[in-house]
Amino acid sequence: MLVAASAMAHPHGWIDYRVTVMVDDQQRVTALEQSWKMDPFQSLTMVEGLEGVAGDESMAQRLDALGHEIAVNLATQHYLTHVYDGEQEIPLRGIEDYTTRLNDNRVEFSFIVTLAEPQPLSDALRWKVYDDTYFIEFLYDDQTERPIELVNAPRSVMAR
């Protein structure tokens, strides 16, 4: 079984989060595809900042630039993602792909973070997503039917 957990902190910002666990044909976890939807206040602040930038870029182009900035910053913070097999932390390779968009007036950053080496599915495999520096609280997105999904996993494997 795969287990997800959140760290405890006094939050100053909130992110509604979804994750898809990517499993290859050999039943190994290869990546976590994540989608982070910023809280309304943080989104408003980000959008107003993008609107205030001089230039002829479209909002989509400005969101792309913001996504690049987020991806670069996340690389310096271990992608705020920690994957474990039991107590041993699994190294991450990095972000493979990302996109930034507006979703119901909220900034949403979606990306795929790959593991350095594929990991066999096991009961001990789990992940945590947290920011212990800026006190952002990550909560599973309660506006979606499945905030945790498994792609290509056997039917007998469940996320909890």
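Of the 33 residues in the largest nonpolar core, Y17, W36, L74, V83, W127 and F138 touch the most other members. A nonpolar core is a set of buried Ala, Val, Leu, Ile, Met, Phe, Trp, Tyr and Cys residues joined through side-chain atoms within 4.5 Å. Two or more residues of this core come from each of β2 (13-23), β3 (28-38), α1 (40-51), α2 (59-75), β7 (106-120), β8 (125-129) and β9 (136-140). This is a predicted model, in which local features need pLDDT of at least 70 and side-chain atom pairs count only at pLDDT 80 or more, while totals for chains, interfaces and linings use all residues. Residues are numbered from 1 along each chain as its sequence is written, and side-chain values use heavy atoms, with hydrogens and water left out.

**Overall fold**

- The protein chain has 2 helices and 10 strands, where helices (H or I, at least four residues) and strands (E, at least two) are DSSP runs numbered from the N terminus.
- From the N terminus on, the order of elements is β-β-β-α-α-β-β-β-β-β-β-β.
- Of the 160 residues in the protein chain, 41% are buried; buried means under 20% relative accessible area, exposed over 50%, and partly exposed in between (1.4 Å probe, protein chains only).
- Among contacts in the protein chain with a separation of 6 or more, 67% are between residues 24 or more positions apart; contact means heavy atoms within 4.5 Å.
- The accessible surface of the protein chain is about 9200 Å², and carbon and sulfur atoms account for 51% of that surface; the areas come from the Shrake-Rupley method with a 1.4 Å probe, and for residues only the protein chains shown count as cover.

- Not counting residues up to four places away in sequence, Y17 touches Q34, S35, W36, W127, V129, F138, L139, Y140, D141 and P147.

**Salt bridges**

- The whole structure contains 8 salt bridges, each defined as a side-chain nitrogen of Lys or Arg within 4 Å of a carboxyl oxygen of Asp or Glu.
- D24 and R28 form a salt bridge whose closest N and O atoms are 2.8 Å apart; D24 counts as buried because its relative accessibility is 17%, whereas R28 is partly exposed at 28%.
- K37 and D141 form another, with the closest N and O atoms 3.5 Å apart. This pair links distant parts of the chain, K37 being in strand β3 and D141 in the loop between β9 and β10 (148-151), 104 residues apart. Both K37 and D141 are buried.
- R126 pairs with E87 in a salt bridge, the closest N and O atoms being 3.7 Å apart. Here strand β8 holds R126 and the loop between β4 (81-85) and β5 (88-90) holds E87, 39 residues apart. R126 counts as buried at 19% relative accessibility, while E87 is exposed at 72%.
- Salt bridges with shared partners join R18, K37, R101, E108 and D141 into one network.

**A buried charge without a partner**

- D131 is found in the loop between β8 and β9.
- D131 is buried yet has no salt bridge, and the nearest side chain of opposite charge, K128, is 14 Å away. For charge, Lys and Arg count as positive and Asp and Glu as negative, with His and the chain ends not counted.
- Apart from neighbours within four places in sequence, D131 is in contact with Q77, L80, I136 and F138.

- H78, in the loop between α2 and β4, has a positive phi of about 55° although it is not a glycine; at 30% relative accessibility, H78 counts as partly exposed.
- L80 lies in the loop between α2 and β4, and its phi is near 55°, a positive value in a residue other than glycine. L80 is buried, with a relative accessible area of 7%.
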